[in-house]
Amino acid sequence: MVVFQIKKNDGDGFIYETLCDSLADDTVKEIAEIWNLRLRLGQLCGAIRELALYGPMKPPDKAGLDEIAEKYNNEVIIKNEYYQADPTGNRTGNGVGPQLTETIERVARDAEEAISKNNLTRKIATTLSLLQEKLDNIRGAVIMAYPMGLPEWDTVRLTIEGNHGLEGTAAGQELLDPNTAELWIASRVLDRTNNHTVADRLGRNEKTKVICKLQKPGGGAPGREPGVSEEEKKAMMAYYFKKQEEYKKLSENDEDSYINSSWADPKQLQRSLRGQNDSIRAPGVRR
């Protein structure tokens, strides 16, 4: 299997595996779909936790703190037995019970493990079917908690159904069009036209491993990978800091301080031969 290591500038990324005979267009398209689905799952993991605690979202024109609405607008706030006021004022505050909250937390942690950047160091490949399974698990947990469905403006529902829930977020800025995304390998973009295959760019060695960057079209070649890894950089910084501290101590010492050292005593050998100290003594000489 050809191994593609897709890296982002913030150190995040994932591993994708395919065959040499795979079409380049299909490969880039599936990698882009995995990219987008990882963004959706990352957004959902936080959103469903808020859903479990604070309930569905209010209509956009009703958003606001419940305390202010009750005190100044004389509004009647419907509260269930698990009510918790949403500090952002975007949700109703009517969360679900502890059992369903635990279920939602479990599927959220499961999804986070599937999209974790630790999979890079553990060399675990990410597949579209795996991420789709995690999305289905989240959908099932939300249906269990709210069998009547969520309102059409709720970001959890929008994100489960598609990319619309990411609009206006940082993750939404990173979404890519699978049909136009570019995959850069060694400062060259992978050609998706004319039925080119992965082998046309990387050769027919099925054990090939490459580091790639995925981005929107027209952005030019991405920045090169640093010559040293983050761990090596930290080790080098620690080494140079240690050396700097040693040089600082040496500069603070008196230039003549070595005179008091035993190795700088011009009569050290004479006293040693006479047995006047505990260092080397001549044979047969006693104290």
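Colleague: How do the axes of α1 and helix α5 (residues 128-145) come together, and at roughly what angle do they cross?

Modeller: This is a predicted model. The axes of α1 and α5 come within 10 Å and cross at roughly 25°. Angles under 35 degrees count as roughly parallel, and α1 and α5 are therefore roughly parallel to each other. Their crossing is left-handed. On the α1 side, the residues that meet α5 are E30, E33, I34, L37, R38, R40, L41, L44, I48 and L51. Facing them in α5 are L128, L131, Q132, K134, L135, I138 and V142. By class, this contact has 11 nonpolar, one polar and five charged residues.

Helix α1 (residues 24-54) also packs on α3 (residues 98-114), where the axes come within 9 Å and cross at roughly 175°. The two helices are therefore roughly antiparallel to each other. From α1, the contact uses C45, I48, R49 and A52; from α3 it uses T101, I104, E105, V107, A108, R109, A111 and E112. Seven of the residues in the contact of α1 with α3 are nonpolar, one is polar and four are charged.

Then there is the sheet. Helix α1 lies across β1, β2, β3 (182-185) and β5 (209-215), and runs at about 150° to β2. The sheet is open, with five strands in the order β2-β1-β5-β3-β4 and mixed pairing. β2 (13-18) and β4 (188-189) each have a single partner strand, so one side of each is left without a neighbour in the sheet. β2 runs antiparallel to β1 (residues 2-7), joined by six bridges, and Q5 stands opposite I15 in β2.

Definitions and conventions
Residues are numbered from 1 along each chain as its sequence is written. This is a predicted model: local features need pLDDT of at least 70, side-chain atom pairs count only at pLDDT 80 or more; totals for chains, interfaces and linings use all residues. Side-chain values use heavy atoms; hydrogens and water are left out. Axes are lines fitted to C-alpha atoms, for helices over the stretch in contact, and angles run from 0 to 180 degrees between N-to-C directions. Helices (H or I, at least four residues) and strands (E, at least two) are DSSP runs, numbered from the N terminus. Angles under 35 degrees count as roughly parallel, over 145 as roughly antiparallel, 65 to 115 as roughly perpendicular and the rest as oblique. Contact means heavy atoms within 4.5 Å. Ala, Val, Leu, Ile, Met, Phe, Trp, Tyr, Cys and Pro count as nonpolar, Asp, Glu, Lys and Arg as charged, and the others, Gly among them, as polar. Two strands pair if DSSP finds at least two bridges between them. A crossing is left-handed if the near helix is turned anticlockwise from the far one by less than a right angle, and right-handed if clockwise.
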